[in-house]
Amino acid sequence: MRGTARGTYVYLSGWMVAGLRNRWGHLPDQSMHEKTAVADLIQEIYTSLRQADEVAMNDLFKALKAAHTEADRNAAIAAIDSFESHVVPIIADIDAGFGNEHATYLLAKELIKAGACCLQIENQVSDAKQCGHQDGKVTVPREDFIEKLRACRLAFEELGVEEGVIVARTDSLGAGLTQKVPVSQQKGDMAWDYLKWLKTEPFTADNPVREGELAIYLGGELVRPLRLPNGLFPFQEGTGRARVIEDCIASLTRGGADLLWIETDTPNVDEIAAMVSEIRKVVPHAKLTYNNSPSFNWTLNLRKQVRAQWIAEGRVAEADYPDSNELMKAEYDATELGREADARLRRFQTDISARAGVFHNLITLPTFHLTAKSMDELSRGYFGEQKMLAYVATVQREEIRRGVSAVKHQHEVGSDLGDTFKEMVAGERALKAGGQANTMNQFAAE
């Protein structure tokens with residue numbers, strides 16, 4: 001519908017694969033789907049895109065065959081010469097690599113061989129991986145993550161993909177735990193920069209070191225890193241932002257990443273821009289890909305941001321608007337605050353790109369939510385008062401008037417392409433599907 005495939009791509013979400021393409025059932029985004037599922041889906045997507053090319057090219061040559069004037073023939077030839085492929089790049093979510101750096105390397109090669117030109121990998125522990133918008137996230141030391149980034153790069157290089165793109169994602173903003181205490185050789189190295197954020201307590205006469213206990217030397221004294229009953233180490237509260245900045249700098253300068261992905265808990269342009277500003281003091285060219293996630297309550301977040309700003313500026317009083325989920329109510333849609341929040345939503349991609357260096361915005365899972373919403377609307381009408389009008393008015397009539405090609409669903413899956421093949425090999429004996437009795441003719445272009 002955009003008229004061109006230029007600048008477009010397919011983002012293959014790990015959440016979608018785990019939730020909808022998993023042979024083990026519908027499972028959460030915790031790397032519990034088969035390793036091969038993503039590679040298999042990449043191949044399936046490319047098969048579909050190539051078939052879309054075949055269908056479209058078949059239509060163009062049919063138009064050339066049907067041309068009766070020189071002008072019509074020239075127009076048909078020009079359309080063939082300027083044909084633009086449906087095949088677009090695929091960004092594959094490799095989660096946390098599904099294992100150590102060698103497992104990451106092996107899986108990366110399979111994804112690239114299947115057709116992925118970009119890999120997105122996150123700094124969580126593979127066997128404790130969580131969705132970026134859930135609690136319980138556990139990060140790995142930066143050396144470990146850098147080795148996985150290098151493993152992805154090596155996979156690209158070995159397969160001759162010189163311009164393969166790596167997106168390094170950090171979940172540290174919402175991750176308060178680590179599984180591993182790295183070995184520091186000297187103050188200021190990557191391990192020390194990771195260790196310094198651990199939550200620790202000093203040893204005292206009343207609280208001495210115990211048998212089998214771990215102690216580390218930090219800040220000039222021997223301290224005890226706190227441990228949870230499961231053996232994980234918590235970070236100090238409020239250190240996520242600083243850890244994100246350090247993660248990003250290390251990924252770009254040591255890991256060879258091309259783009260960054262900072263997973264946040266709210267869509268706050270000021271917060272993201274402030275972090276990027278710190279990163280760019282060290283890496284001026286740093287660029288982000290940002291997840292405009294459906295996990296955010298966009299309406300509530302933006303309305304709360306406007307409310308907080310206007311209170312700080314003295315523009316409104318705290319009592320004028322509620323500081324709760326009440327702000328979601330439709331009664332606030334037409335208020336000045338509601339309109340301002342919507343205006344900021346319209347500007348969001350522009351603002352975050354201009355102010356925070358976001359190279360590209362994407363919405364993960366839009367098809368999942370759009371399908372759920374659309375089917376809910378259709379079922380309410382179809383089994384309600386509208387009956388068949390619910391489908392015709394909200395789906396088919398709009399497809400026809402907007403020129404959505406899917407309205408001719410038989411054509412979309414290659415029925416005309418099949419007729420062309422039959423005609424080529426059987427001539428007049430061909431039993432074709434696209435004759436006068438084909439109901440697709442009802443959707444002929446005006």
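Reader: Where do Glu340 and Arg344 lie, and how many residues apart are they?
Author: In this predicted model, both Glu340 and Arg344 belong to helix α10, which covers residues 336-356, and they sit four residues apart, about one turn of the helix.

Reader: What kind of contact does Glu340 form with Arg344?
Author: Glu340 forms a salt bridge with Arg344, and the closest N and O atoms are 2.8 Å apart.

Reader: And Arg344, is that one buried or exposed?
Author: Arg344 counts as buried, because its relative accessibility is 14% and the cut-off for buried is under 20%, whereas Glu340 is partly exposed with a relative accessible area of 22%.

Reader: What is the N to O distance between Glu122 and Arg169?
Author: The side chains of Glu122 and Arg169 meet in a salt bridge at 3.3 Å, N to O. Glu122 is in strand β3 (residues 118-122) and Arg169 in strand β5 (residues 165-170), so this pair ties together parts that are 47 residues apart in sequence. Both Glu122 and Arg169 are buried.

Reader: What about Glu237 and Lys199, which parts does that pair tie together?
Author: Glu237 lies in the loop between β10 (233-234) and α7 (240-253), while Lys199 lies in the loop between α6 (190-195) and β7 (200-202), so the pair links parts 38 residues apart in sequence. Their side chains meet in a salt bridge of 2.5 Å, N to O. Glu237 counts as exposed at 62% relative accessibility, and Lys199 as partly exposed at 22%.

Reader: How many salt bridges does the count come to?
Author: The count comes to 32 salt bridges.

Conventions. Residues are numbered from 1 along each chain as its sequence is written. This is a predicted model: local features need pLDDT of at least 70, side-chain atom pairs count only at pLDDT 80 or more; totals for chains, interfaces and linings use all residues. Side-chain values use heavy atoms; hydrogens and water are left out. A salt bridge is a side-chain nitrogen of Lys or Arg within 4 Å of a carboxyl oxygen of Asp or Glu. Helices (H or I, at least four residues) and strands (E, at least two) are DSSP runs, numbered from the N terminus. Buried means under 20% relative accessible area, exposed over 50%, partly exposed in between (1.4 Å probe, protein chains only).
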